[in-house]
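Work through the exercises below with the model open. Try each task before reading its solution.

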Amino acid sequence: MTRITILGGTGYTGSAIAREALSRGFGVTSFSRTAPEGDARLEGVTYKTGSLTAPDVRSRAVVGADVLVSALSPRGELDGRIVEVNREIAALAQAKGLRLVMVGGFSSLRPKANAPRFAEGDGIPPEFAPEILQMNDILNSLLASPEPLDFVFFSPAQQYGSFAPGEATGRYRIGGDVVFFDDNGASAISGADFARAIVDEIERPSHRRAHLSVAY
Ligand SMILES: NC(=O)c1ccc[n+]([C@@H]2O[C@H](COP(=O)([O-])OP(=O)(O)OC[C@H]3O[C@@H](n4cnc5c(N)ncnc54)[C@H](OP(=O)(O)O)[C@@H]3O)[C@@H](O)[C@H]2O)c1
């Protein structure tokens, strides 16, 4: 049985990945500062608590995992620290020989092949710039990491997030680092379908040291 540890496993993305992984019979452990209560708890998930800004919590988080998923967001306590925290997590994954699955943002994608990423252009909304730039820094750090680190960095479609949970359709498109738009110019993915794409890649690894775009 594959054992997946999800950092931020109680968040919007992390809990969707946990739900999908449980449905496939994987062992799932979540790390977050607080454990969910009531209906938010998923039966079968082992919830562990602690701030991943602390080295001892990070060290605990990699014990017993085959795959490490980082679904942390650059908000609250992690705003300004997420790049460093994820760099330490990547170093632990490499040292332990764990596959690292990083959840990042839409803006790290390119509008077309070989074009600058959205995050590198002038058009990013100022209110989201800190989040976008931090997640883009994490991608750059992974791409520059030593070859033994086995990672995949997932970027969701533009219309993705707790503000637009969408429907589970069981379908998605996955590809390199270029955004997918539909015929109407929309780029979207539901929480459930994004989680499905990530868990499919965990179950049947077909990319290594890759940046992947996921949309419907
Ligand atoms: N369209 C887009 O591009 C888009 C939209 C949404 C999200 N995203 C990306 O998806 C990723 C996940 O975002 P999300 O919205 O799913 O996250 P989220 O709902 O904000 O969840 C964050 C998770 O991290 C945990 N956490 C926060 N600080 C922590 C700490 N110091 N130590 C341990 N755990 C901590 C939270 O639990 P506690 O608070 O209990 O610790 C929670 O489980 C991010 O990279 C984000 O940029 C992209």
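A residue is buried if 20 or more other C-beta atoms lie within 10 Å of its own, exposed if 12 or fewer, and partly exposed in between, with C-beta atoms placed from the backbone. This is a predicted model: local features need pLDDT of at least 70, side-chain atom pairs count only at pLDDT 80 or more, and totals for chains, interfaces and linings use all residues. Residue numbers start from 1 along each chain as its sequence is written.

**Exercise 1. Positive phi**

Solution. Start with arginine 209. Its phi is positive, about 50°, although it is not a glycine. Helices (H or I, at least four residues) and strands (E, at least two) are DSSP runs, numbered from the N terminus.

Now take asparagine 114. Its phi is near 70°, again positive in a residue other than glycine.

**Exercise 2. Glycine 27**

Task: which residues does glycine 27 contact, leaving aside its neighbours within four places in sequence?

Solution. First, locate it: glycine 27 is in strand S2. Next, apply the contact rule: C-beta atoms, placed from the backbone, lie within 7 Å. The partners are Met1, Arg3 and Ile4. Finally, classify glycine 27: 17 C-beta neighbours inside 10 Å make it partly exposed.

**Exercise 3. Two helix pairs**

Task: describe how H3 packs on H4, then how H1 packs on H5.

Solution. Axes are lines fitted to C-alpha atoms, for helices over the stretch in contact, and angles run from 0 to 180 degrees between N-to-C directions. Angles under 35 degrees count as roughly parallel, over 145 as roughly antiparallel, 65 to 115 as roughly perpendicular and the rest as oblique.

Take H3 (residues 82-96) and H4. Their axes come within 9 Å and cross at roughly 30°. H3 is therefore roughly parallel to H4. On the H3 side, the contact uses Ile82, Val83, Asn86, Arg87 and Ala90. Its residues divide into five nonpolar, three polar and two charged. Here Ala, Val, Leu, Ile, Met, Phe, Trp, Tyr, Cys and Pro count as nonpolar, Asp, Glu, Lys and Arg as charged, and the others, Gly among them, as polar.

Now H1 and H5. Their axes are 8 Å apart, at an angle of about 60°. The two helices are therefore oblique to each other. H1 passes H5 in a right-handed crossing. The contact has nine nonpolar, one polar and three charged residues.

**Exercise 4. The ligand shell**

Task: how many residues surround the ligand, and which element gives the largest share?

Solution. Count residues whose C-beta atom, placed from the backbone, lies within 6 Å of the ligand. The shell has 31 residues, and the closest are Gly8, Gly11, Thr13, Ser32 and Arg33. Helix H1 (12-23), strand S2 (27-32) and helix H4 (129-143) each give two or more residues. H1 gives the largest share, three residues. By class, the shell has 11 nonpolar, 16 polar and four charged residues.

Conventions. A residue is near a molecule or strand if its C-beta atom, placed from the backbone, lies within 6 Å of it. Two residues are in contact if their C-beta atoms, placed from the backbone, lie within 7 Å. A crossing is left-handed if the near helix is turned anticlockwise from the far one by less than a right angle, and right-handed if clockwise.
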